Amino acid sequence: MTFSTAVLAPLLVAASAIAARAPEAEPPPAKLTGTVAYSEPATLPPDALLQVRLEEPRPEMQPRLIAASTAPAGPQFPVPFTLVYTAGDVSPKKRYLARATISAGGKTLFVTRTPYPVITKGAPTNLEIVVQRAGGPKSSPAH
């Protein structure tokens with residue numbers, strides 16, 4: 001069986017149109033990994049939760065949340081974390097920050113005083129975040 005050009009041409013045009021309307025594949029998920037440790041010895045309550053956030057800072061506005069992860073905070077320390085985000089939500093031209101908090105019973109126990117630069121502009125995608133007791137003095141992250 002042979003097909004003439006007159007029959008094949010409309011079929012190729014129709015196939016091209018369908019392919020052009022096909023949804024684009026989403027970028028694969030990306031990961032920010034590391035550990036969270038605290039700056040001083042402490043015993044956490046059994047209900048303590050660790051939250052790690054990936055944010056895009058915006059001048060004079062709330063940071064844009066790219067991804068967040070919440071998991072039990074103990075008893076193992078440092079606590080490993082993996083934060084999965086959509087690679088398309090991150091631009092190599094922008095700056096991104098990671099923060100962590102540990103809370104229990106509705107109270108914040110430990111916080112990141114200074115956010116950690118991550119992902120772009122030579123910043124890491126694997127890091128150690130050190131949290132400090134909430135209400136304590138401010139200090140810079142160790143890199």
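R64 and E56 join their side chains in a salt bridge, with N and O 2.8 Å apart. The term salt bridge stands for a side-chain nitrogen of Lys or Arg within 4 Å of a carboxyl oxygen of Asp or Glu. The model is predicted, so local features need pLDDT of at least 70 and side-chain atom pairs count only at pLDDT 80 or more, while totals for chains, interfaces and linings use all residues. Residues are numbered from 1 along each chain as its sequence is written, and side-chain values use heavy atoms, with hydrogens and water left out.

How exposed are the two partners? R64 is partly exposed, at 29% relative accessibility. E56 is buried, with a relative accessible area of 8%. Buried means under 20% relative accessible area, exposed means over 50%, and partly exposed lies in between (1.4 Å probe, protein chains only).

E56 also forms a salt bridge with K94. Here the closest N and O atoms are 3.4 Å apart. E56 sits in strand β2 (residues 49-56), whereas K94 belongs to the loop between β4 (79-86) and β5 (96-104), so this pair ties together parts that are 38 residues apart in sequence. Strands (E, at least two residues) and helices (H or I, at least four) are DSSP runs, numbered from the N terminus. K94 is partly exposed, with a relative accessible area of 39%.

Salt bridges with shared partners also link R53, E55 and R99 into one network. Within it, the side chains of E55 and R53 meet at 2.8 Å, N to O. E55 is buried, at a relative accessible area of 5%. R53 is partly exposed, at 25%. By the salt-bridge rule, the count comes to 5.

Now turn to A37. Which strand holds A37? The residue is placed in strand β1 (residues 29-38). Is A37 buried or exposed? A37 counts as buried because its relative accessibility is 13%.

Which residues does A37 touch, leaving aside its neighbours within four places in sequence? A37 is in contact with F77 and P78, and also with E128, I129, V130 and V131. Contact means heavy atoms within 4.5 Å. A further pair is described by its C-alpha atoms: those of A37 and A73 are separated by 9.9 Å. A37 and A73 are 36 residues apart along the chain.
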